[in-house]
Amino acid sequence: MKYFREKRRIAFAMISPSILVIVAINIFPILFAVYISLHLWSFGRGVPRFAGFLNYEELYYDGRFGDAVLTSAKFVFFAVLLEFVVGFALAFLFNVKVRGMATLRQIAVLPIMVMPIVAGLVWFYMFNENFGVINWLITLLGSEKVGFLTDLDVALFSIVLADAWQWTPFVMLVMFAALQSLPEYVYEAAKMDGLNAWQTFWRVTIPMLRPSIMIVILLRIVDSFKMIELVFMMTQGGPAGRTEVLPWYLYVTGFQALDLGFAAAMAVSMLILVTIFTQLFLSRVGIGNDNK
Amino acid sequence: MHFENKQSWIKKAAAMAVAGAVSSIAVAPASAEGVLNGETIRILAIGDPVFQVMQRIHGDLEEMAGGTIELDVRGFDVLRQQVLLNAQNDVSNYDLISVDLPQFGEYKGFLVDLAGYVESSGMDWQDFHEAAWTGAYHDQMQLGIPIQPHPEIFAYRVDLFEEAGLEPPRTTEQVLAAAKALHGSKDGLSGICWNGARGTPLGQTITMVMGSHGLPVIAMDAIEGGFDLGNVRPENMHPQMESDTASEMAAYLMELMKFSPPGILNMAWDERVRVFAQGGCAMTYIWSGRSAIYELDEDAEARGKVSYLPHPAGPNGLNVSTLGGWFLSIPDNLPEDRRDLAWSVTEWLTSPEMMAEYTKHGNCVAPRHSVSVDEEVVARCPVIPFVDAMATNGEIAGWQRPPVPEIQQIFDILGAEFHEALAGAESPEDALKEAQRQLDRTMRRAGYY
Amino acid sequence: MPRIEFDNVSKRYAPSSAAVENLSLTIEDGSFLCVLGPSGCGKSSTLRMLAGLESITEGEIRVDGKRYNELKAQSRDFAMVFENYALYPHLDVYGNLAMPLAARKMPRQEIARRVEEIANTLQISDQLRKKPRQLSGGQRQRVGLGRAIIRDTRTFLMDEPLGHLEAYLRQQLRTEIRRLHEELGATTFYITHDQEEAAAISDRIAVMSEGRLQQTGDLLTLLDNPVNRFVAEFIGNLPISILPASIASNAASPELSVGDARIPFSERRASEIADSTRVAAGRLEAGVRPDAVTLHEESARHRLPLRVSVVEPVGDMAVIVADGPAGRLRAAVPSDSAPSPGNSVHAEFDASRILLFDGDGRNILRKT
Ligand SMILES: Nc1ncnc2c1ncn2[C@@H]1O[C@H](COP(=O)(O)OP(=O)(O)OP(=O)(O)O)[C@@H](O)[C@H]1O
Ligand SMILES: [Mg+2]
């Protein structure tokens, strides 16, 4: 008994530095955000004034916040859907053993290396109606210019496309690695059990890839939920707020208007949304608990 | 999972570094002559032309100054954050900071009054454009010296106007008539370019155009020939977006949409000038200094074919252009013993010689009368005498963008809400009403009334 | 029903070397064939070609006379037990057993019924909800077996299915496999390293070496009548002794000389040798299995004098390793009459069981 208590003390002493680091890096900023969110505070103008839940109340009545949540949800949904479907298909394509495939694969993942802000700039110019390459091509083909960044119904999808351009290769890479790590013998077993290609895909490949699929989807959801660079470079939330995702609205209120309390309330709400979502997602897909 | 705020801040900082301009420049060998006399000066600057020019000729500048010039160039939002943060330090990290004209309201609490220096050094302040000089005059203090103030004016293609037999447009009515006549008259030619992009660009357009319709966006006191920007009190903070003037302004912008180039809803700052430069539109609203984009580009179609006017006036408005742009100021947490040096550098950087020098490198701004008559300067930048004349005629003012701490929120709310109207997602009336509601809420939150 | 023919089949993974070379073999309908051979001799390659998991480089595989070379594995309708089990790691035992049936779109209740039945047979009914990695090796092996036998098929391919199990379980399961084979009237192609297992389970054993089929037959045939020195050495619980030998044809009656021993041949055997044209090749080797040797204290003309080096007890027998000028000999004798190391002994051979190999290692006394 005494031995174990002693041991536990040592163990605690050993891990306490890492606990401190975690508290400092992960917990403190969150607590600080919560603290600010309970105050009225404009950066550079006096001290924070305590305001209770006023900021949250305002958030609740602020139509723009609600719109931003919806826009974010739409963006995340379409971006992740597109990235996943295309990335997954590409992973299979690249899994074929043909000469030169390795090089092709390396080229295909290049967009990941590009800084998101630069990707935004590139796509801004690609989609631009006055200087853009894409509209130039469209007019060459004799069609009307498309308001990629100004059409109410199109703009969000232009951002989705730019995001997909950058992150589909990531999905592809992860799925490719996962595919490569699938044991060959399972496929032999499937052949011998008489599964056709379709059955093999749905009954063997997909279930075996499931953990990787879930991880990559989760990563993309959380990451695309935080996307701001493309909006910053391409539309600033326009047209008519159709691309105003949460992080951008947060940036506008927090870093342009410097309404820190309100922005912090938004950040905390966002954090809660993401946390609830990821927890639900993780428990639904059952990563981490095997005996479901 | 991280604290969102913090993450995006870091991302933004990185973003700005790429998008705008980069960082302080390394130390150069100091010679013992010139204004610096071997010392180091630290400037927190904006990524706008005059400071970009300084970056480009940094080596020459240091040689001239005989010392080290640390020039930290930032994007707009990051600069503002750093200025505000720096103000909270016990001791300022910078000797000089760059201040945008509408920011004086927000910053005036922590800037040094330069009046004494102006007097003792015998600076010829009357050589500066009056609107520029007084733009930094708040609460009986001279808070900055103009280095790159320039107005947003109106540019039009003389050749196209003559060809079509059109008068230079001094009123919004004439603008619309000309835009209608010229829009589509040539392949790829639109009537007019302007800042239509959501957020700050459109927000600024609205405040300025509303100004040329005769009213500022908040209820400032009317004074002789304009409104009193040097003395804004809490009761002046009421937004005026449900006024008749606001409706006229809205109607005008809605009309402009019909004669604007494709992509107008995402068009801002330099892009409108580039479209104008390549002949994509016959007129454009333009920050005068940006005319360098086509005047100094031999391939630009608009080069040498452009004439300038102040902002066209609305039915009950004035021909006034909005003055904006940058001043050099000294933060009041700078120790006394460094202030003389800071002032000397300010005096040097805003001297006629240096202003003429900047025009050589693509900065078509000269807020001093003496520089505006320099023939070489005028040859490089045809816009400068136009601006000088406007300054002399009192056609430049700063009240359209009131220098209040909430100015950025005003831009943002106007630029976000009215974009709904421009994009056809909402009626202009509703957009104005919603903007009024939000501005009102903002002012109440800030505790003005 | 299925009759499997390998017709001059070769397999090359790389152009230069063959894993399987010119293999011809027929497995009759309903028979149980074991393939024996040292590691790397091409057993798995052969089985995988038959399964359709590996392409056939040359030759033809026919089932009931039909060419199978190009037929996809899925369409061959063979059930396979893998050496490494090859269970689906993401499915529990139930899911693994159900897979072949699900692939054939069998109704759910029917699947459930069959799985239960098979699980009972294999005594894994209480393991159905476990994932493969929660099972012991033996349990996994049984799942693998169950997955193969759960569906109606007449052909089983088993690659060392019991290789990783301990002796007791192995014996149990091999009985089970044989029973299933009989019950289903199946044709079975079975790879093993264990000749005792091969003997116990199969109708016929095929011995392979270096990609070539050496000989097929039951264990006795392989022991007493091997085609060549390789089979003779490979088959047999105790290693065969190989000694240089020659025919003394000048004697009155034919004699085989091994070292100093002169062993008389029966007339019939002598004539077999005389018939053989290979004798002319000159160098001969005699192969003697340990149980065809007796040891004596007295010398005789037909006995080989040797000195005992090692005595290895094997149950109630002892293997005596003895050396002489002619080479090393092993003899199995009852423990109680075993000599001690250092003793001189005189080995007498059972002339009827001596094998003779020519210079190429071929058995020249082979009865056909
Ligand atoms: N996929 C492959 N690619 C290249 N060479 C292979 C491949 N599979 C087997 N070989 C080679 O073919 C030869 C025969 O291999 P095989 O697996 O058929 O032997 P085996 O008789 O089953 O051996 P073991 O008893 O060890 O399982 C070996 O030399 C092996 O190295
Ligand atoms: Mg093998």
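Mentor: Strand S3 of chain B, residues 96-100, is mostly covered, with 5 of its 5 residues buried; a residue is called buried if 20 or more other C-beta atoms, placed from the backbone, lie within 10 Å of its own, and strands are DSSP runs of E of at least two residues, as helices are runs of H or I of at least four, numbered from the N terminus. This is a predicted model, in which local features need pLDDT of at least 70 and side-chain atom pairs count only at pLDDT 80 or more, while totals for chains, interfaces and linings use all residues. Residues are numbered from 1 along each chain as its sequence is written, and chains are lettered from A and ligands numbered from 1 in the order in which they are written.

In a regular strand the side chains alternate between the two faces of the sheet. In S3(B), Leu96(B), Ser98(B) and Asp100(B) point one way and Ile97(B) and Val99(B) the other way, and all are buried.

As for pairing, which requires that DSSP find at least two bridges between two strands, S3(B) is joined to strand S1 of chain B, residues 40-46, by 2 bridges, and the two run parallel. Within that pairing, Leu96(B) is the bridge partner of Ile43(B). S3(B) also pairs with strand S12 of chain B, residues 321-329, in the antiparallel sense over 4 bridges, and there Val99(B) stands opposite Phe327(B) of S12(B).

Turning to chain C, helix H3, residues 93-103, has among its buried residues Val93(C), Asn96(C), Leu97(C) and Met99(C). The buried residues of H3(C) pack against helix H4 (108-121) and helix H5 (137-149) of chain C, where contact is taken as C-beta atoms, placed from the backbone, within 7 Å. After H3(C) comes Lys105(C), whose phi is positive, near 55 degrees.

In chain A, the axes of helix H3 (residues 63-95) and helix H8 (residues 155-181) come within 6 Å and cross at roughly 40 degrees, the axes being lines fitted to C-alpha atoms over the stretch in contact, with angles from 0 to 180 degrees between N-to-C directions. H3(A) and H8(A) are therefore oblique to each other, given that angles under 35 degrees count as roughly parallel, over 145 as roughly antiparallel, 65 to 115 as roughly perpendicular and the rest as oblique.

Key: A residue is buried if 20 or more other C-beta atoms lie within 10 Å of its own, exposed if 12 or fewer, and partly exposed in between; C-beta atoms are placed from the backbone. Two residues are in contact if their C-beta atoms, placed from the backbone, lie within 7 Å.
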